[in-house]
Amino acid sequence: MAPLPISSIRVGKIEDVQELIKSKPNKVPERFIRDANERGGLVSLKTHLHQPIPVIDLSKLSKPHTNDDFVFEILKLSQACEDWGFFQVINHGLEVDVVDDIEKVAKEFFEMPLEEKQKYPMEPGTVQGYGQAFIFSEDQKLDWCNMFALGVHPPSILNPKLWPSKPARFSESLKGYSKEISKLCKRLLTYIAISLGLKKETFEEMFGEAVQAVRMNYYPPCSSPDLVLGLSPHSDGSALTVLQQSKDSCVGLQILKDNTWVPVLPLPNALVINIGDTVEVLTNGKYKSVEHRAVTNRERERLTIVTFYAPNYEVEIEPMGELVDDETNPCKYRSYNHGDYSYHYISNKLQGKKSLDFAKILN
Ligand SMILES: COC(=O)C(/C=C/C1=C(C)CCCC1(C)C)=C/O[C@H]1C=C(C)C(=O)O1
Ligand SMILES: O=C(O)CCC(=O)C(=O)O
Ligand SMILES: [Fe+2]
């Protein structure tokens, strides 16, 4: 994946949100204020309370495939991927220490002085480092968020200059965490394959040496949360995304379902999983990569640690033959190279599901 021609991008001053709130401004700066049509949208409390996003118990999926619990949980998983594109996993097997530790070092990182964090800048047009990604012009609105993103695997996507020396345990902790998340993603992909009636190794064989990247999102409190967005609406370009919300996290993530923004209630010890664009294409749209966004809170900060898991850049992606039927379910996406899709994804601002137009076959 070639880098973007950085020099041609003029993004203006990107204010650091944590620093901004320290000066207690009486108004949110204009560059963060969204148009009414962007920030609003119906938010469903009813759906949130009565029909929360599905919870999948992974301990039931460790049982023999003939066990009723296994079969029922696979059905639940398949419904979740079709109807929601999102689910939470409990009993996921990650050690508490690993989960707690990454949260701790991520918090410590964001708490460091700005000068320290700015040693690892996210240059305009790039997606790794500290700052804001997906900003391409001086008039583009900013998210109420500070990000720190790093490519983790394979080694060819690693940028060692951006791995911080402080907090001292950051790199060790992120490496340990990413190993465990990689195992979880591999496991989830076997269950997803089974839920589609495919051989369980399907995705692992197809993806080769998977690409894994992490993004830590820190959302400071905002005095006018209704005027801003924590993170613009988007779908993820990955195959799967794993989102960890900090222990005391307030509600912030919202997903678009039936034209309504549905808040995702953080569950203790759960991880939020979502289907990315790659799985939507591979399943010919059966499993959905759902648009989502983050909102902010008037009093409380929020921290999320997000892992994007995707095929190797060399892999050609197209709907799998088993999920295409010329008569009843014609092919909805063209074939493409995942490296080209990654380049396309990171060269455009976050804008709902627009990125996937790259591959859509228009009738
Ligand atoms: C800020 O970054 C992102 O939002 C993001 C980027 C991920 C990446 C890196 C940080 C390092 C290099 C690789 C990669 C582009 C994956 C989102 O990731 C999504 C987008 C694509 C495409 C994907 O596979 O995951
Ligand atoms: O922080 C959140 O709740 C959402 C994060 C997200 O969607 C992302 O990083 O892609
Ligand atoms: Fe996302």
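Trainee: Of the 17 residues around ligand 1, which come nearest?
Mentor: This is a predicted model, where local features need pLDDT of at least 70 and side-chain atom pairs count only at pLDDT 80 or more, while totals for chains, interfaces and linings use all residues. Residues are numbered from 1 along each chain as its sequence is written, chains are lettered from A and ligands numbered from 1 in the order in which they are written, and side-chain values use heavy atoms, leaving out hydrogens and water. A residue is near a molecule if one of its heavy atoms lies within 4 Å of it. Out of the 17 around ligand 1, the nearest are F134, R215, A310, Y313 and Y345.

Trainee: What percentage of the area that ligand 1 exposes when taken alone does the protein bury?
Mentor: Accessible areas come from the Shrake-Rupley method with a 1.4 Å probe. Ligand 1 on its own exposes 530 Å², and the share of this that the protein buries is 98%.

Trainee: Which element gives the largest share of the shell around ligand 1?
Mentor: Helices (H or I, at least four residues) and strands (E, at least two) are DSSP runs, numbered from the N terminus. Those giving two or more residues to this shell are β4, β5, β12 and α10 (338-346). The largest share is four residues, and it comes from α10.

Trainee: How does the shell around ligand 1 divide by class?
Mentor: Ala, Val, Leu, Ile, Met, Phe, Trp, Tyr, Cys and Pro count as nonpolar, Asp, Glu, Lys and Arg as charged, and the others, Gly among them, as polar. Sorted this way, the shell has ten nonpolar, six polar and one charged residues.

Trainee: How far is a polar side-chain atom of R215 from an oxygen atom of ligand 2?
Mentor: R215 is one of the residues that come nearest to ligand 2, along with Y219, H292, R302 and T304. A polar contact is a pair of N or O atoms within 3.5 Å. H292 has a side-chain N or O atom 3.0 Å from an oxygen atom of ligand 2, and for D236 the distance is 3.3 Å. For R215 it is 2.7 Å.

Trainee: Which cavity does the space taken by ligand 2 form?
Mentor: A cavity is a set of points, on a 1 Å grid over the protein atoms alone, where a 1.4 Å probe fits but cannot get out. A molecule sits in one if more than half of its atoms lie within 2 Å of its grid points. Here, the space that ligand 2 takes is the largest cavity.

Trainee: What is omega for the peptide bond between H153 and P154?
Mentor: Most peptide bonds are trans. P154 lies in the loop between β4 and α7 (170-195). The bond joining H153 to P154 is cis, and its omega is about -5 degrees.

Definitions and conventions: A polar contact is a pair of N or O atoms within 3.5 Å; within protein, one must be able to donate a hydrogen and the other to accept it, and residues adjacent in sequence count only if both atoms are side-chain atoms. On a 1 Å grid over the protein atoms alone, a cavity is a set of points where a 1.4 Å probe fits but cannot get out, and a pocket is an open set with protein on both sides within 12 Å along at least five of seven lines; lining residues have an atom within 4 Å of a point.
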